[in-house]
Amino acid sequence: MISKIPNHRVLAINRGEKEGKLKVKLDVNQEDMTSYMSDKVIKGDSIFKSLLLDTVEDSYKRLIAPSSKRGGVQDTCERILFAYPSIKKGRKY
């Protein structure tokens with residue numbers, strides 16, 4: 001669970017990746033993430049619900065997922081750790 005990683009360990013992981021000693025990859029289930037994001041964005045019923053769901057899925061596919069694969073894993077890891085502590089995902093080294 002990524003939210004259980006102590007802050008000092010996140011910093012050590014980031015340093016190891018920066019020095020080229022580690023390779024970090026976040027293994028996130030797309031359906032779980034988009035469901036979590038849509039629960040945070042969509043409040044109640046709306047005529048725009050389907051449009052908002054499409055927007056959440058598109059933003060995850062085009063912006064969020066690729067950024068975690070392009071070496072922005074350090075920043076992504078820190079943002080996820082502090083912004084979404086309830087996400088329960090595995091991590092791969």
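K49 and D45 are joined through their side chains by a salt bridge, with 3.9 Å from N to O. A salt bridge here is a side-chain nitrogen of Lys or Arg within 4 Å of a carboxyl oxygen of Asp or Glu. K49 is partly exposed, at a relative accessible area of 34%, whereas D45 is exposed, at 73%.

The model is predicted, so local features need pLDDT of at least 70 and side-chain atom pairs count only at pLDDT 80 or more, while totals for chains, interfaces and linings use all residues. Residues are numbered from 1 along each chain as its sequence is written, and side-chain values use heavy atoms, with hydrogens and water left out.

The structure holds two salt bridges. In the other pair, R62 meets D58, and the closest N and O atoms are 2.9 Å apart. Both residues lie in helix α3 (residues 49–69); because R62 and D58 are four residues apart there, about one helical turn separates them. R62 counts as exposed, with 53% relative accessibility, and D58 as partly exposed, with 34%.

In soluble globular proteins, nonpolar side chains tend to be buried together.

Leaving aside residues up to four places away in sequence, Y60 touches V28, Q30, M33, T34, M37, A65 and P66.

The protein chain as a whole has four helices and two strands, arranged along the sequence as α-β-α-α-α-β. Helices (H or I, at least four residues) and strands (E, at least two) are DSSP runs numbered from the N terminus. Of the contacts between residues at least 6 apart in sequence, 73% join residues at least 24 apart. Buried residues account for 29% of the 93 residues. The chain exposes about 6700 Å², of which carbon and sulfur atoms supply 52%; accessible areas come from the Shrake-Rupley method with a 1.4 Å probe, and for residues only the protein chains shown count as cover.

Technical notes
Buried means under 20% relative accessible area, exposed over 50%, partly exposed in between (1.4 Å probe, protein chains only). Contact means heavy atoms within 4.5 Å.
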